[in-house]
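Please look at the model below with this report beside you.

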Amino acid sequence: MTEAITYAYAVAQDAEGSLEEALSGLPGVADGPVHLVRAGHRGEVVVAVGPVPEQDFEENALRAHLEDLDWLESVARAHHRVIEALAARTTVLPLRLATVYLDDERVRQMLDARQEAFAERLSVLAAHTEWGVKIYVEAPAATDRPAAPPSDADLSPGRAYLSHRKAQRHAREDAYREAEQVAQRVEAAARSYAVDRVQHRVQQGELARGPGENVINDAYLVPLEYGESFRADVLRSAEGLPGVRVEVTGPWAPYSFATPPEAEPLKRAAP
């Protein structure tokens, strides 16, 4: 029989006692059920948890799995599904992907110890959502060959090649300058609405899907009533500069703002 440990999805406010219903029948990570853990004195702050196979989430196995993008995507989708179900009803503090404890009792101990801090953070994030803003440079890639025959028939093949490379370099430099302008405009537009911002590392490699080079990867915390205005103004701020693409995603649960900057991150429970 496969041993199970406890996967923790998020901390949430359950003032109306309706979250169990929201989670009923919802498949979590590893298709497991999801339920709530409450503090010892039955407070309103709860943790959404579910069982997962220990063999997949113990430290060494988890380290190996994190290199498997298919496995990681499957876990991330299930994790997000639970977060979204909670966020549709209440304020949520999403926990980091693959946060696990030995059992529900360890989660309860953690909640008892940090319940006041969680309640304060939930109060700060109430009626706010997260919006993602990415900026991409879509500069022409440098190639070894001219994309088109030289327009000046008097140029030798060698000079035509050098002329083409020079034009490519100038086009790329222009695109990066335009990206700087867009970044300044986007930040000005975003700060008209946002109350906080987190600057993430730019996405590269297999995480960078879609055309262009990701040069800005920020998350903004925006009051609920300003969400659509935020989206419209940020997109509008990038208009007129075709070498730069701005992507706005959201609204999301406040993944990037769940932990106050000065707070220690949650640690896995000690055995």
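## Terms and basis

Contact here means heavy atoms within 4.5 Å, while helices (H or I, at least four residues) and strands (E, at least two) are DSSP runs, numbered from the N terminus. This is a predicted model, in which local features need pLDDT of at least 70 and side-chain atom pairs count only at pLDDT 80 or more, whereas totals for chains, interfaces and linings use all residues. Residues are numbered from 1 along each chain as its sequence is written, and side-chain values use heavy atoms, with hydrogens and water left out.

## Helix α4

Helix α4 (residues 69-87) has 19 residues and reaches 26 Å from its first C-alpha to its last, close to the 27 Å expected, where the expected span is 1.5 Å times one less than the number of residues. Its buried residues (buried means under 20% relative accessible area, exposed over 50%, partly exposed in between, with a 1.4 Å probe and protein chains only) include Trp 71, Val 75, His 79 and Leu 86. Seen down the axis of α4, the buried residues fall within an arc of 165°, so they line one face of the helix; the arc is that of the directions from the helix axis to the C-beta atoms. An α-helix has 3.6 residues a turn, so residues three or four places apart point the same way.

The face of α4 turned away from the buried side carries the exposed residues Asp 70 and Arg 77. What covers the buried residues of α4 includes β1 (4-13), β3 (45-53) and α3 (59-65).

## Strand β6

In β6, 9 of the 10 residues are buried. Two strands pair if DSSP finds at least two bridges between them, and β6 pairs with strand β8 (residues 213-223) in the antiparallel sense over 10 bridges. Trp 131 has Tyr 220 as its bridge partner in β8. Strand β9 (residues 244-252) also runs antiparallel to β6, joined by 7 bridges, and here Val 133 stands opposite Val 248.

## Aromatic rings

Rings of Phe, Tyr and Trp (its six-membered ring) pair if their centres lie within 6.5 Å, and planes under 30 degrees apart count as stacked, over 60 as edge-to-face and the rest as tilted. By this rule there are 6 aromatic pairs. The rings of Tyr 7 and Tyr 9 have centres 4.7 Å apart and planes at 50°, so this pair is tilted. Trp 131 and Phe 230 are likewise a tilted pair, at 6.0 Å centre to centre and 50° between the planes. Since Trp 131 lies in strand β6 (residues 128-137) and Phe 230 in helix α7 (residues 227-236), the pair ties together parts that are 99 residues apart in sequence.
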